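Open your viewer, load the model and keep the sequence panel beside it. We will go from one selection to the next and look at what is there.

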Amino acid sequence: MNEFYQKDIISIKDFDKEQLETVFSYTDKILQLDPIQRREICKGKTLGYLFYEPSTRTRLSFDSAMASIGGNSLGISDVSSSSTQKGESLSDTVKIMSIYSDVLVLRHTLDGSSRFAAEVSEKPVINAGSGTEEHPTQAIQDLYTIKKEKGKIDGLKIGIVGDLKYGRTVYSLLYGLGNYDVDVRLISPESLRIRSDSTYEIKKRLDFSESTKIEEHIDDVDVLYVTRIQKERFPDEEEYLKVKGSYVVGLDLLNQMKDDCIILHPLPRIDEISTDVDKTKNAKYFEQAEYGKHTRAALLGLTLNEIAF
Ligand code: CP
């Protein structure tokens, strides 16, 4: 039996290096199967999605991943059209969704929401983004992208720039990178440094430096992971306006980077990477989105198919 069978995926902190490498190997294995073999992996299984926040990539890549391995999907992508509007609780909604599906994918505004859902769900729960806390499947996609595009993760210098306070992908990525020997440089406006309540947890896992100036690191990093300033999470719009547009990666900055530095972004992008950069060999954020489909197919296969390997 594979160790992920019927398990929840709530936090990347629950994955050690060996488990991450198992997911990466299984992703590679699925990609080598022909489409008919691939569709046997989750034949007859149903994914239920429940999104309390907007999403393009995460929801659609789960949907597309499930179809690619023979399953189907149903769910609520806009809770304003669900009985949540009549006052139905998260607990009851999760219980109902777990009757209709074999695995539940949840995105919610609150930290702790996925762990709570896992406690009430009869079926495994996958965290598709919980408040500002975590986005573990994004981190698996990000680590897989680094491995595919750089050939390794150990030994790399990784710059993470932008909104490090509210960006949940950053926290999951940092916890995931804690399994590897990496040199991490965090670059943000002073007001958007990583949250002090998470610093201890991150420091236990890896060493990092902090800076407000992207120029200090731009010629040295192997991976530049750019994030959006998360306007919707600021309690005060005035504070958002002070940091809006703090970093814009354009061709001028790109010319200062190592020739083989890759640029990643969990997306959506607003203005933090100029569209001029898209056509360069360094831009890997659209490939990263594609890897998200493949890694999610692997996670679904491992969760729902006892003999996935
Ligand atoms: N990266 C990510 O979570 O994108 P979506 O919000 O579009 O799902």
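The tour starts with the whole chain and then moves to single elements and residues.

**Before you click**

This is a predicted model, in which local features need pLDDT of at least 70 and side-chain atom pairs count only at pLDDT 80 or more, while totals for chains, interfaces and linings use all residues. Residues are numbered from 1 along each chain as its sequence is written, and side-chain values use heavy atoms, with hydrogens and water left out.

**Stop 1: the whole chain**

Show the chain as a cartoon. You will find 11 helices and nine strands; helices (H or I, at least four residues) and strands (E, at least two) are DSSP runs, numbered from the N terminus. The C-alpha atoms fill a box of roughly 50 × 45 × 35 Å along the principal axes. The radius of gyration is 19 Å, which agrees with the value near 19 Å that a compact globule of 309 residues would have. That radius is taken over C-alpha atoms, and the globule rule is 2.2 Å times the number of residues to the power 0.38.

Now colour by accessibility: 57% of the 309 residues count as buried. Buried means under 20% relative accessible area, exposed over 50% and partly exposed in between, with a 1.4 Å probe and protein chains only. Contacts (heavy atoms within 4.5 Å) tell you about the fold too: among those between residues at least 6 apart in sequence, 72% join residues at least 24 apart.

**Stop 2**

Select residues 223-226, which form strand β8. Which residues lie on each of its faces? Val223 and Tyr225 are on one side, Leu224 and Val226 are on the other, and all are buried.

Ile158 stands opposite Val223.

**Stop 3**

Move on to Leu267 in the loop between β9 and α11. Leu267 is not a glycine, yet has a positive phi of about 65 degrees. With a relative accessible area of 13%, Leu267 is buried. The peptide bond from Leu267 to Pro268 is cis, with omega near 10 degrees.

**Stop 4**

Select residues 285-304, helix α11, and pick out Thr303. Thr303 counts as buried because its relative accessibility is 1%. Beyond its neighbours within four places in sequence, Thr303 is in contact with residues including Phe4, Tyr5, Gln6, Val103 and Pro124. Follow that list to Gln6, in the segment before α1. Gln6 is partly exposed at 39% relative accessibility, and its phi is near 65 degrees, a positive value in a residue other than glycine.

**Stop 5**

Go to Lys17 in helix α1 (residues 17-32). Is Lys17 buried or partly exposed? At 32% relative accessibility, Lys17 counts as partly exposed. Leaving aside neighbours within four places in sequence, Lys17 is in contact with Asp154, Asn179 and Tyr180. Draw a C-alpha to C-alpha distance from Lys17 to Gly178: they are 161 residues apart in sequence and 8.9 Å apart in space.

Finish on helix α7 (residues 168-177), where 10 of its 10 residues are buried. Among them are Arg168, Tyr171, Leu174 and Leu177.

How values were computed: Two strands pair if DSSP finds at least two bridges between them.
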